Amino acid sequence: MNIAVINGTKIKGITYHMKEMFLEHLRKDNQITEFYPNDIPPFCEGCKSCFLRGEEKCPHIVSKAPIWQAILNADLVVFAYPVYALRAPASIKSLLDHICVHWMVHRPDPRIFIKTAVIITNSVGAPNGSAQKDVKTSLTWMGMSNIFTCGAGMMGDIFWNDISDKHVKMLDTKTRKLARKVADIKPRQHKSLKVALLFFICKLMHKGVLKTEETPSLDNQHYIDNGWISAKK
Ligand SMILES: Cc1cc2nc3c(=O)[nH]c(=O)nc-3n(C[C@H](O)[C@H](O)[C@H](O)COP(=O)(O)O)c2cc1C
């Protein structure tokens, strides 16, 4: 399978090693493409060109396109990042801002509906749920139904070189379990109830907005082209 990995930090700390422990179980026979913060587009400039004029008009399309393409080519998408200020770090949020044009309220790509994602996080002690939710929310709104999370509170360990054996073992157990869950994943056949419901509401919304438009917006044209709504008003 193809695996796309988005790393939220470039340092080879606990996040890096956690992600490596996970990938160790999947390296054989799988193609892995990784991205680091230096590959991630700079902060969104707020021009709204992606929504209104087309994604190719984004001023950061050169750095954004390879990541989005790798996500579309992947069977499994991996996000690995530390918790910063109780949330996902800015590197990850910057990518999420750039790809939210593919949320179901805008122009979802049906190839996303069948994919699986894992979110790997760690913190010095805080719960990881809110930081994982930043990515999970985005992926759900893009129409992904299979999303697994794996978080670890390091209870004071902040440097990989000083980490206790007990904590290495804990990370090994968690990442091994996670790898087992996704090692043989197949493309998702049906949307989860939550994604199906959100998509249904989006279709209704687009249908309603289309009635008010002389020329369909890019979002509505995308819904029409995919046969999700009818061009007739
Ligand atoms: C800017 C910054 C903000 C952080 N915020 C939190 C936080 O809110 N809660 C927490 O438990 N740990 C926080 N941490 C600690 C990291 O999540 C933790 O040390 C993690 O293991 C770092 O992973 P790394 O070794 O891959 O960098 C923060 C670290 C940094 C650098």
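Helices (H or I, at least four residues) and strands (E, at least two) are DSSP runs, numbered from the N terminus. With that in hand, welcome to this structure. It is a predicted model, in which local features need pLDDT of at least 70 and side-chain atom pairs count only at pLDDT 80 or more, while totals for chains, interfaces and linings use all residues. Residues are numbered from 1 along each chain as its sequence is written, and side-chain values use heavy atoms, with hydrogens and water left out.

**Around the ligand**

Let us begin with the ligand. It is surrounded by 15 residues, and the closest are I14, T15, V83, A85 and N122; a residue counts as near if one of its heavy atoms lies within 4 Å of the molecule. Helix α1 (14-24) and strand β4 (116-123) each supply at least two residues of this shell.

What kinds of residues make up the shell around the ligand? Ten are nonpolar, five are polar and none is charged. Here Ala, Val, Leu, Ile, Met, Phe, Trp, Tyr, Cys and Pro count as nonpolar, Asp, Glu, Lys and Arg as charged, and the others, Gly among them, as polar.

| Residue | Atom in the residue | Distance to an oxygen atom of the ligand |
|---|---|---|
| L86 | backbone N or O atom | 2.9 Å |
| N122 | polar side-chain atom | 2.4 Å |
| A126 | backbone N or O atom | 2.9 Å |

Taken alone, the ligand exposes 650 Å², and the protein buries 71% of that. Such areas come from the Shrake-Rupley method with a 1.4 Å probe; for residues, only the protein chains shown count as cover.

L86 sits in the loop between β3 (76-82) and α4 (90-99). With a relative accessibility of 52%, L86 is exposed (exposed means over 50% relative accessible area, buried under 20%, and partly exposed in between, with a 1.4 Å probe and protein chains only).

D29 is another residue other than glycine with a positive phi, near 70°. Its place is the loop between α1 and β2 (31-35). D29 is exposed too, at a relative accessible area of 69%.

**A nonpolar patch**

Finally, look at helix α7 (residues 193-211), where F200 is found. F200 is partly exposed, at 49% relative accessibility. Together with L197, I201 and L204, F200 forms a nonpolar patch on the surface, with about 410 Å² of accessible area in total.

Definitions and conventions
Patch = residues over 30% accessible without salt bridge, like charges linked within 9 Å, V, L, I, M, F, W, Y side chains within 5 Å. Salt bridge = Lys/Arg side-chain N within 4 Å of Asp/Glu carboxyl O. Polar contact = N/O pair within 3.5 Å; in protein donor to acceptor, adjacent residues only side chain to side chain.
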